[in-house]
Amino acid sequence: PAFDWEAGSLLHRAGDLAGAGSALGAALRLDPRNVRLRLALSAVERDAGDLPAAIAGVREAVRLDPAFGDGWNALGVLLSAQGAPGEAAQAFERALRLNPDDPDSLFGLGEAHMTAGRVGDAIAPLDKLVRRNPAFPGAEALLQKARAAAGPPPPGALHLALIRVATRAEAE
């Protein structure tokens, strides 16, 4: 199966989706519980325009291995592409329970919340992403868009900030 997997990956990168699908499918028949192989095949199916097959493949991968964080993230991406931001957010949340700092899942979750109209829910994961990885493409812009869409704080609300310093003298 390793040869078929490698051949499938090379064919995918070369743009031969039919050949890649055939090679990865052959490998999967030999190793049907291999979740990484299912993920690779789902990427070929996605690129070939078969979103339902790609989603089904990733769903099977996370069913086989519920601790497969990359699978949950991929499922979120596919569900977002399918126009199901609520389900996508759930998949990204599962990915983040397994890897709380995964930048792709943080961005995906924020984007799914924005698409679903839950801009307030988008702010926390996007803020975490920007603090941890300020150069992540599009994160700062999406965070600013979420903050602007959330609107100003209600009257009487205070904006507080925690400033950490090393000594009491610095604090004073």
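A residue counts as buried when its relative accessible area is under 20%, as exposed when it is over 50%, and as partly exposed in between (1.4 Å probe, protein chains only). By this scale P152 is exposed, because its relative accessibility is 72%. P152 sits in the loop between α9 and α10 (168–171), and its C-alpha atom is 34 Å from that of L75, a residue 77 positions away along the chain.

The model is a predicted one, in which local features need pLDDT of at least 70 and side-chain atom pairs count only at pLDDT 80 or more, while totals for chains, interfaces and linings use all residues. Residues are numbered from 1 along each chain as its sequence is written, and side-chain values use heavy atoms, with hydrogens and water left out.

The protein chain has ten helices and zero strands, where helices (H or I, at least four residues) and strands (E, at least two) are DSSP runs numbered from the N terminus. Read from the N terminus, the elements run α-α-α-α-α-α-α-α-α-α. The chain is more spread out than a compact globule, because its radius of gyration is 20 Å, well over the 16 Å that the globule rule gives for 172 residues. Here the radius is taken over C-alpha atoms, and the globule rule is 2.2 Å times the number of residues to the power 0.38. The C-alpha trace spans about 65 × 35 × 30 Å along its principal axes.

Of the 172 residues, 39% count as buried. The protein chain exposes about 10,000 Å², and carbon and sulfur atoms supply 56% of that area; accessible areas come from the Shrake-Rupley method with a 1.4 Å probe, and for residues only the protein chains shown count as cover. Among contacts (heavy atoms within 4.5 Å) with a separation of 6 or more, 41% involve residues 24 or more positions apart.

Attention can now turn to the charged side chains. Side chains of opposite charge can pair when their charged atoms come close. The structure holds nine salt bridges, each being a side-chain nitrogen of Lys or Arg within 4 Å of a carboxyl oxygen of Asp or Glu. One of them joins R36 and D70, with an N to O distance of 2.9 Å. This pair links distant parts of the chain, since R36 belongs to helix α3 (residues 35–47) and D70 to helix α5 (residues 69–82), 34 residues apart. R36 is partly exposed because its relative accessibility is 41%, and D70 is partly exposed with a relative accessible area of 41%.

Another salt bridge brings together E87 and R59, at 3.0 Å from N to O. E87 lies in helix α6 and R59 in helix α4 (residues 51–64), so this pair ties together parts that are 28 residues apart in sequence. E87 is partly exposed at 38%, and R59 is partly exposed at 38%. In a further salt bridge, the closest N and O atoms of D121 and R118 are 3.8 Å apart. D121 is partly exposed, with a relative accessibility of 43%, and R118 is partly exposed at 30%.

D102 tells another story. D102 lies in the loop between α6 (85–98) and α7 and is buried, yet has no salt bridge. Leaving aside neighbours within four places in sequence, D102 is in contact with N73 and L96.

The structure holds one aromatic pair. The ring centres of F107 and F136 are 5.4 Å apart and their planes lie at 35 degrees, so the pair is tilted. Rings of Phe, Tyr and Trp (its six-membered ring) pair if their centres lie within 6.5 Å; planes under 30 degrees apart count as stacked, over 60 as edge-to-face and the rest as tilted. F107 and F136 are both buried. Helix α7 also holds P103, which is partly exposed at 27% relative accessibility. Not counting residues up to four places away in sequence, P103 touches L129, N133 and F136.

Conventions
Lys, Arg positive; Asp, Glu negative; His and termini not counted.
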